[in-house]
Amino acid sequence: MVAPEGWEIVELGDKADIYRGSSPRPIDSFLTTKASGINWIKIGDASPYSKYIISSKERIIPEGLLYSRAVFKGDFILSNSMSFGRPYILKINGCIHDGWLAIQNYHRHFDTDFLYYSLCSETVLQQYINMAAGSSVKNLNKEKVAKLIICAPPLPEQRHIAEVLSDTDSYISALERLIAKKEAVKQGTMQELLTGKCRLPGFKGEWVEKQLGNVTNIFKGHGLSKAKIALEGCFPCILYGELFTEYNEIITSITSRTNYIEGVPSVKGDILIPASTTTIGIDLAKASVIPFDNVLLGGDINIIRPNDKNINSIFLAMYIMYTKKIEISIRAKGSTVYHLHGKDLFDLSLCIPPTLAEQTAIAEILSDMDAELSALKKKLEKIRLIKQGMMDALLTGKIRLPEDKPNVQFTQRKEPKEILYAAEKTEGYTAKN
């Protein structure tokens with residue numbers, strides 16, 4: 001690793017103090033519920049996606065401090081086994097047990113946020129992986145963390161880099177909140193529209209009760225054990241596993257192909273649900289509509305093919321997935337692997353709108369919501385990838401930020417709007433379209 005002009009390549013242990021936590025034993029003798037107790041910080045106090053630890057669920061008596069490791073606001077703690085090397089910044093004072101490592105007294109050499117992003121970077125992750133090579137158990141100790149190689153620009157430049165990455169994190173957080181809000185709205189809308197609690201304008205009349213087997217034909221796909229991926233001249237097919245990995249309510253693309261023609265050919269509007277799963281619940285009720293004719297459908301897939309012209313496939317798939325998952329789960333048989341046969345679905349009760357028009361209108365509203373959520377999630381994924389590219393570029397000096405303060409001598413001046421673009425073009429990084 002070569003340091004950019006004005007930067008240093010340092011070992012973390014030379015610029016910070018690193019300690020392992022310790023636990024008073026037996027710990028139950030030191031726990032207290034009194035407000036005067038000291039925060040006892042455990043793995044469960046760390047949210048998987050959080051940058052900070054802001055509270056602890058337990059406290060220990062002050063005497064426990066003699067047998068533990070004190071940590072303070074602004075210190076870093078790293079899990080030395082679970083969430084391998086994941087850093088957290090403390091917003092509280094407290095004590096840590098031996099499942100944590102603490103990084104302290106770094107402030108003369110590192111900006112807190114800059115060090116956080118450095119410790120989260122692919123460069124550091126790869127060092128962890130190299131340290132653990134040949135070991136069946138991934139864990140850290142203070143000697144390994146002390147040996148971490150960090151690129152250290154001057155503190156003003158560190159702060160500038162951290163500001164850019166923090167702004168990107170804020171954007172990501174805002175997208176995550178928006179997605180969560182829209183998912184909640186969708187759940188509420190489904191609850192209203194798929195149960196008839198709320199009717200769309202212009203529609204009236206009682207919903208009708210039917211049995212699934214009376215309005216559809218239900219049968220199973222055929223095994224495609226020799227399926228091969230994307231070979232020219234092969235037949236497009238859908239495999240069992242793709243019901244969980246590729247598709248939502250509507251299958252929009254086919255990713256697998258096979259040389260063999262044993263599979264059941266699809267008919268546009270077929271509804272596919274798994275015939276088995278190891279997880280009871282929503283997995284067995286995961287319904288997907290296929291809008292293509294003559295796609296081969298593999299084994300372990302239940303095919304529900306509407307035979308009533310007054311049934312909208314997309315509405316029926318959504319209805320099954322979001323109102324019948326408990327009933328379908330009850331009908332499954334097995335213990336470790338749960339199996340669902342077509343005969344188990346024949347008398348599944350339905351209560352649906354009396355007209356195709358109302359079913360279609362409901363399906364269009366929910367499909368539009370799904371499309372919006374899908375677009376937002378793709379955008380979120382892309383921004384996360386761009387952030388990774390930015391971290392690689394900015395934390396190693398491949399890209400230098402523009403000078404914005406007289407006492408900071410940055411190189412390779414760029415307008416802020418160019419930073420994201422430059423990160424995408426950095427060698428070794430490609431953003432998904």
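This is a predicted model: local features need pLDDT of at least 70, side-chain atom pairs count only at pLDDT 80 or more; totals for chains, interfaces and linings use all residues.
Biologist: Which word describes how H2 and H5 lie to each other: parallel, antiparallel, oblique or perpendicular?

Modeller: Angles of 65 to 115 degrees fall in one class. The H2 and H5 axes cross at roughly 65°. Therefore H2 and H5 are roughly perpendicular.

Biologist: Is the crossing of H2 and H5 left-handed or right-handed, and how many charged residues does their contact have?

Modeller: H2 passes H5 in a left-handed crossing. On the H2 side we find Asp113, Phe114 and Tyr117, which meet H5 residues including Gln158, Ile161 and Asp169. By class, this contact of H2 with H5 has five nonpolar residues, two polar ones and, to finish your question, two charged.

Biologist: How do H2 and H11 lie to each other?

Modeller: Helix H11 spans residues 356–395, and its axis comes within 10 Å of the H2 axis. The two axes cross at roughly 110°. That angle lies in the range of 65 to 115 degrees, so H2 and H11 are roughly perpendicular.

Biologist: Which residues of H11 does H2 meet?

Modeller: The crossing of H2 and H11 is left-handed. The contact divides into five nonpolar residues, one polar and one charged. From H2 come Phe114, Tyr117, Ser118 and Cys120, and the H11 residues they meet are Lys387, Met391 and Leu395.

Biologist: How far apart in space are serine 68 and glycine 94?

Modeller: Beyond four places away in sequence, serine 68 touches Ser22, Pro24, Trp40, Cys95 and Ile96. Glycine 94 is 26 residues from serine 68 in sequence. From C-alpha to C-alpha, the two are apart in space by 9.7 Å.

Biologist: Stepping back, what share of the residues in the protein chain is buried?

Modeller: The secondary structure of the protein chain comes to twelve helices and 24 strands. Among contacts with a separation of 6 or more, 77% join residues 24 or more positions apart. Of the 433 residues in the chain, the buried share is 45%.

Notes:
Residues are numbered from 1 along each chain as its sequence is written. Side-chain values use heavy atoms; hydrogens and water are left out. Axes are lines fitted to C-alpha atoms, for helices over the stretch in contact, and angles run from 0 to 180 degrees between N-to-C directions. Helices (H or I, at least four residues) and strands (E, at least two) are DSSP runs, numbered from the N terminus. Angles under 35 degrees count as roughly parallel, over 145 as roughly antiparallel, 65 to 115 as roughly perpendicular and the rest as oblique. A crossing is left-handed if the near helix is turned anticlockwise from the far one by less than a right angle, and right-handed if clockwise. Contact means heavy atoms within 4.5 Å. Ala, Val, Leu, Ile, Met, Phe, Trp, Tyr, Cys and Pro count as nonpolar, Asp, Glu, Lys and Arg as charged, and the others, Gly among them, as polar. Buried means under 20% relative accessible area, exposed over 50%, partly exposed in between (1.4 Å probe, protein chains only).
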